[in-house]
Amino acid sequence: NKMASKTSIPGMGELLQGFDGTNAWDINPMAGQRLLADKELEQMKENADFYGNLLYAADRFSKMETQAITDFNGEKAYKVLMVRKSGNESTQYFSVATGLLIGGESSQITQMGTLPVRQTLSGYKQFGPIMMPTRTEQSMGPNTMIITMSDVKVNTVGASAFDAPASVKALIKP
């Protein structure tokens, strides 16, 4: 139930996001640092649920419904409506040929409001016991980001990797 990410964007700087099991934060060069609250906090908590997102554990959802077989990014796919117990909805696309997740559509709550998100996943590779995509293309609003992974390590970092940075700790009320 913890996560931390650091994204470097040329010409912009580093974006840091994290969730320590209780507090969620966002640090970026345009808006500074802030604690996430309300729906953004709930969304970050759900994003930090590694096994719930990887395995789509049924106990995290109030509804999982196959709606159709359709074309997604040039591949036949099962279109599945996923409704989290929090009420957050997404549509996920699973390859008919392999059963692997090949994409999804959802909404992301941001400082600029709620934005549509579309992801395509490809290049699956085995990392230890886990099969994961090595390429993710994500469009959020007018922006598209391509993430390429060359290595994945699960449960190998120390607990301090999820600690809030000092600038965020100052915002946390005891």
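**Figure 1. Contacts of Asn 28 in the predicted model.** Asn 28 touches Glu 14, Leu 15 and Gln 111, leaving out residues up to four places away in sequence. The model shown here is predicted. Asn 28 sits in strand β3. Its relative accessible area is 12%. Buried means under 20%, so Asn 28 counts as buried. The side chain of Asn 28 also reaches the backbone of Ala 31. A polar atom of that side chain lies 2.8 Å from the backbone nitrogen of Ala 31.

Figure 2. Ala 31 belongs to the loop between β3 (24-28) and β4 (32-35). With 39% relative accessibility, Ala 31 is partly exposed. Its backbone nitrogen is the atom that lies 2.8 Å from a side-chain polar atom of Asn 28. Gln 111 is 80 residues away from Ala 31 along the chain. Their C-alpha atoms are separated by 9.2 Å.

**Figure 3. Phe 61 in strand β5.** Strand β5 covers residues 61-72, and Phe 61 lies in it. Phe 61 has a relative accessible area of 8%. The cut-off for buried is under 20%, so Phe 61 is buried. Setting aside residues up to four places away in sequence, Phe 61 touches Gly 52, Tyr 56, Met 82, Val 83, Arg 84 and Lys 85. Leu 15 is 46 residues from Phe 61 along the chain. The C-alpha atoms of this pair are 30 Å apart.

**Figure 4. Asp 38, a residue with positive phi in helix α1.** Asp 38 is placed in helix α1, which spans residues 38-47. Its phi is positive, at about 55°, although Asp 38 is not a glycine. Most residues other than glycine have a negative phi. Asp 38 has a relative accessibility of 68%. The cut-off for exposed is over 50%, so Asp 38 counts as exposed.

**Figure 5. Asn 73, a residue with positive phi in a loop.** Asn 73 is in the loop between β5 and β6 (75-84). Phi of Asn 73 is positive, near 55°, and the residue is not a glycine. The relative accessible area of Asn 73 is 57%, and the residue is exposed.

**Figure 6. Thr 136 in strand β12.** Thr 136 lies in strand β12, residues 135-140. At 9% relative accessibility, Thr 136 is buried. Neighbours within four places in sequence are left aside here. Thr 136 is then in contact with Gln 119, Thr 120 and Leu 121, among others. Its contacts also include Met 145, Ile 146 and Ile 147.

Figure 7. The loop between β13 (143-148) and α3 (166-169) holds Gly 158. Gly 158 has a relative accessible area of 42% and is partly exposed. Glu 42 is 116 residues from Gly 158 in sequence. C-alpha to C-alpha, Gly 158 and Glu 42 are 24 Å apart in space.

**Figure 8. The whole chain, for orientation.** The secondary structure comes to three helices and 13 strands. The radius of gyration is 17 Å, close to the 16 Å that the globule rule gives for 174 residues, so the chain is as compact as a globular protein of that length. Along the principal axes, the C-alpha atoms fill a box of roughly 50 × 35 × 35 Å. Buried residues make up 30% of the 174 residues. Consider contacts between residues at least 6 apart in sequence: 30% of them join residues at least 24 apart. The accessible surface comes to about 10700 Å². Carbon and sulfur atoms account for 53% of that surface. The chain has 17 positive and 17 negative charges. The mean positions of these two sets of charges are 2 Å apart.

How values were computed: Residues numbered from 1 in each chain as written. Predicted model: local features only at pLDDT ≥ 70, side-chain atom pairs only at ≥ 80, totals over all residues. Heavy atoms only, no water. Helix = DSSP H or I, 4+ residues; strand = E, 2+ residues; numbered from the N terminus. Rg over C-alpha atoms; globule rule 2.2 N^0.38 Å. Buried < 20%, exposed > 50% of the residue type's maximum accessible area, 1.4 Å probe, protein only. Contact = heavy atoms within 4.5 Å. Areas by Shrake-Rupley, 256 points an atom, 1.4 Å probe, with all protein chains shown as cover. Lys, Arg positive; Asp, Glu negative; His and termini not counted. Charge placed at Lys NZ, Arg CZ, Asp CG, Glu CD. Polar contact = N/O pair within 3.5 Å; in protein donor to acceptor, adjacent residues only side chain to side chain.
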